[in-house]
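Good morning, colleagues. Please turn to the structure on the screen, and I shall take you through several of its side chains.

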Amino acid sequence: MDNGPTDATPTAAAFRLILLSKSNPVMGCYMFWTSLLVLKMLVMSLLTARQRMKTKTYANPEDLRLSRSPEVRFGDPNVERVRRAHRNDLENILPFLLMSLAYVASGPNPLTARLLIRIGASARLLHTVVYAIIPVPQPARALAFFTTFAITCFEAGYVLVCCIKYI
């Protein structure tokens, strides 16, 4: 079995891609989509704040001065929809990003890895659009959710199989 260039060959260092370096196109792809998803999650906080101001729905007494609202309010459907979408991001994007990093580190097929990262991240972006920005009836949200869920499970299985020999 050929494991590629060895350190003994003069060109090995020049051509070897370090897995967790931006010189690896798969890692570069991962870094791009990770940055985009993290920024998206940060924007969800601002979207929640915007909905709170728009509907004058504040959950903390100290925030009432900003709104001139007489009381703390909960349960506005628009605020709650954005909050649920943000919580769903926290529950699903973080595992996707962590598992994708382990997947990249395991040295997968570059084309497959880049496709999985792109599709998984795009599905999460679509999930936010159909959940919090322009609500669309099911199954749009479920399809976006299960796309990334399935990719995360595939990556976990791949890493488990690659690493089982080390336990």
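**A buried threonine and the aromatic pairs**

Let me begin with Thr128, which is found in helix α5, spanning residues 110-133. Please bear in mind that this is a predicted model. Is Thr128 buried or exposed? Its relative accessibility is 5%, and because buried means under 20%, Thr128 counts as buried. Which residues does Thr128 contact, leaving aside its neighbours within four places in sequence? They are Lys40, Met44, Asp89 and Ile133.

I turn now to the aromatic rings. The count comes to seven aromatic pairs. One of these is formed by Phe32 and Trp33, and its geometry is edge-to-face, with 5.3 Å centre to centre and 90° between the planes. Trp33 has a relative accessibility of 15% and therefore counts as buried.

Another pair, Phe145 with Phe149, is stacked: the centres are 5.6 Å apart, and the angle between the planes is 25°. Where do these two residues lie? Both belong to helix α6, residues 140-163, and they are four residues apart, about one turn of the helix. Phe149 has a relative accessible area of 41%, so this residue is partly exposed.

There is also a cluster to point out. Tyr103, Phe154 and Tyr158 form one aromatic cluster.

Finally, a charged side chain and a ring. Arg141 lies over the face of Tyr131, and the distance from the ring centre is 4.2 Å.

To return to the opening residue, Thr128 is buried and sits in helix α5. Thank you for your attention.

Notes. Residues are numbered from 1 along each chain as its sequence is written. This is a predicted model: local features need pLDDT of at least 70, side-chain atom pairs count only at pLDDT 80 or more; totals for chains, interfaces and linings use all residues. Side-chain values use heavy atoms; hydrogens and water are left out. Buried means under 20% relative accessible area, exposed over 50%, partly exposed in between (1.4 Å probe, protein chains only). Contact means heavy atoms within 4.5 Å. Rings of Phe, Tyr and Trp (its six-membered ring) pair if their centres lie within 6.5 Å; planes under 30 degrees apart count as stacked, over 60 as edge-to-face and the rest as tilted. A charge sits over a ring if NZ of Lys or CZ of Arg is within 6 Å of the ring centre and within 35 degrees of the ring normal.
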